Every structure is written in structure tokens, then in C-alpha cells.
Amino acid sequence: MASLATVAANLADYHALAWLMRLGKVRRLVRTRFYEKIAEWFNQAPFLIVLLINALAIPFAADRVLAVPRAYSRPRYALAVFLGRFPRYYLTALAVGVLKLNWWQIIAACAGLALIGFLAGKAKRMFSRKPAVASTGSTQEF
């Protein structure tokens, strides 16, 4: 049931984004070099990409931002969303049932997972920073 609710919500977002595109509010986004690059990638396997975005819980409506400007088929989009979300929701429900978690424990687990993801991103950025480049200009003292 949760997968169907997600499909309904994502289709509502899809339609709202399509409407905003017709008004020109979002057109600037699709005219960027970055978007053109990822749109080329999306065009190669749109169903698989929408499915993976939903299976991996990539935030910020990335699937809709890719699908709407490309006028991707709404039925195929809905199916990809459903197939991407269903296993994740099923496994979550199964884990909650087996572990007999109450609402507060579920909320705490979700918050903990989000915190782990946030901290992992911070750590990655902190350790992958390039060292500062020394100035090439020299000053001489006499």
C-alpha cells in the first residue's frame, strides 16, 4: 500500500513540475550544462534510472527532475517508482514486524540512519579535500 501511495505522490509531483515547466519557472534548470549531461545519461536507460533512484532513496526528486523535461511516459514512470520502492518498503515492514518495533523505535532508527548518512557525507568531504596550493610568486628580502 505504501508503494502505491508513493506512486500517487510522485505522479502528483510529476504533474506539478510539468505545469511549472510550461510556465517557464523550471526551464532554467534544464538549460544548464550539468542537466544536459545527466539528461544524456537518463536517455540511455530511463526506466532503470527511475527504478534505481527510487530503490536507493536518492533525495530531492531527482527522478522527477529527470523524467518531466524529457516527457518520459507517466505509466512507465509510475511502474518504475512502484518497482523501486516496493522491495525497500517490504523489507522495512518485515524488519519492523520481526523486531517488533514500536513507533518511537522506528522513528529513532530512521533518524539514526539519516544521521549516519549525513555524517558519512561530512567525513567524505572532510577527508577528500585537496590540500591548499602554495603561492607560486616569490618575494625576496634584501
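Helices, which here have at least four residues, and strands, which have at least two, are DSSP runs numbered from the N terminus. By that reading, the protein chain of this predicted model holds seven helices and zero strands, and from the N terminus on its elements run α-α-α-α-α-α-α.

**The chain as a whole**

Of the 142 residues in the protein chain, 23% are buried. The accessible surface of the chain comes to about 10,900 Å², and 68% of this surface belongs to carbon and sulfur atoms. When contacts between residues at least 6 apart in sequence are considered, 78% of them join residues that are at least 24 apart.

**A crossing of two helices**

Two packed helices are described by the angle between their axes and the distance between the axes. Helix H3, which covers residues 33-44, and helix H4, which covers residues 46-55, have axes that come within 5 Å and cross at roughly 105 degrees. Angles of 65 to 115 degrees count as roughly perpendicular, and H3 and H4 are therefore roughly perpendicular to each other. On the side of H3 the contact is made by Trp41, Phe42, Asn43 and Gln44, while H4 contributes Pro46, Ile49 and Val50.

Side chains of opposite charge can pair when their charged atoms come close.

| Salt bridge | Closest N and O atoms |
|---|---|
| Asp13 with Arg64 | 3.4 Å apart |
| Asp63 with Arg64 | 3.1 Å apart |

Asp63 is buried, and so is Arg64. Through salt bridges that share partners, Asp13, Asp63 and Arg64 are joined into one network.

Which residues make the nonpolar surface patch of about 630 Å²? The patch is made by Phe86, Tyr90, Leu91, Leu94, Val98 and Leu99. One of these residues, Phe86, is found in helix H6, which covers residues 74-99. Phe86 is partly exposed, with a relative accessible area of 41%, and it can belong to the patch because patches are made of residues with over 30% relative accessible area and no salt bridge.

**Two loop residues with positive phi**

Most residues other than glycine have a negative phi, and most peptide bonds are trans. Ala71 has a positive phi of about 55 degrees although it is not a glycine, and this residue is found in the loop between H5 and H6. With a relative accessible area of 64%, Ala71 is exposed. Lys100, also a residue other than glycine, has a positive phi near 50 degrees, and its place is in the loop between H6 and helix H7 (103-127). At 69% relative accessibility, Lys100 counts as exposed, because exposed means over 50% relative accessible area.

Conventions
Residues are numbered from 1 along each chain as its sequence is written. This is a predicted model: local features need pLDDT of at least 70, side-chain atom pairs count only at pLDDT 80 or more; totals for chains, interfaces and linings use all residues. Side-chain values use heavy atoms; hydrogens and water are left out. Patches are made of residues with over 30% relative accessible area and no salt bridge: like charges are joined within 9 Å, nonpolar side chains (Val, Leu, Ile, Met, Phe, Trp, Tyr) within 5 Å. Accessible areas come from the Shrake-Rupley method with a 1.4 Å probe; for residues, only the protein chains shown count as cover. A salt bridge is a side-chain nitrogen of Lys or Arg within 4 Å of a carboxyl oxygen of Asp or Glu. Buried means under 20% relative accessible area, exposed over 50%, partly exposed in between (1.4 Å probe, protein chains only). Axes are lines fitted to C-alpha atoms, for helices over the stretch in contact, and angles run from 0 to 180 degrees between N-to-C directions. Angles under 35 degrees count as roughly parallel, over 145 as roughly antiparallel, 65 to 115 as roughly perpendicular and the rest as oblique. Contact means heavy atoms within 4.5 Å.
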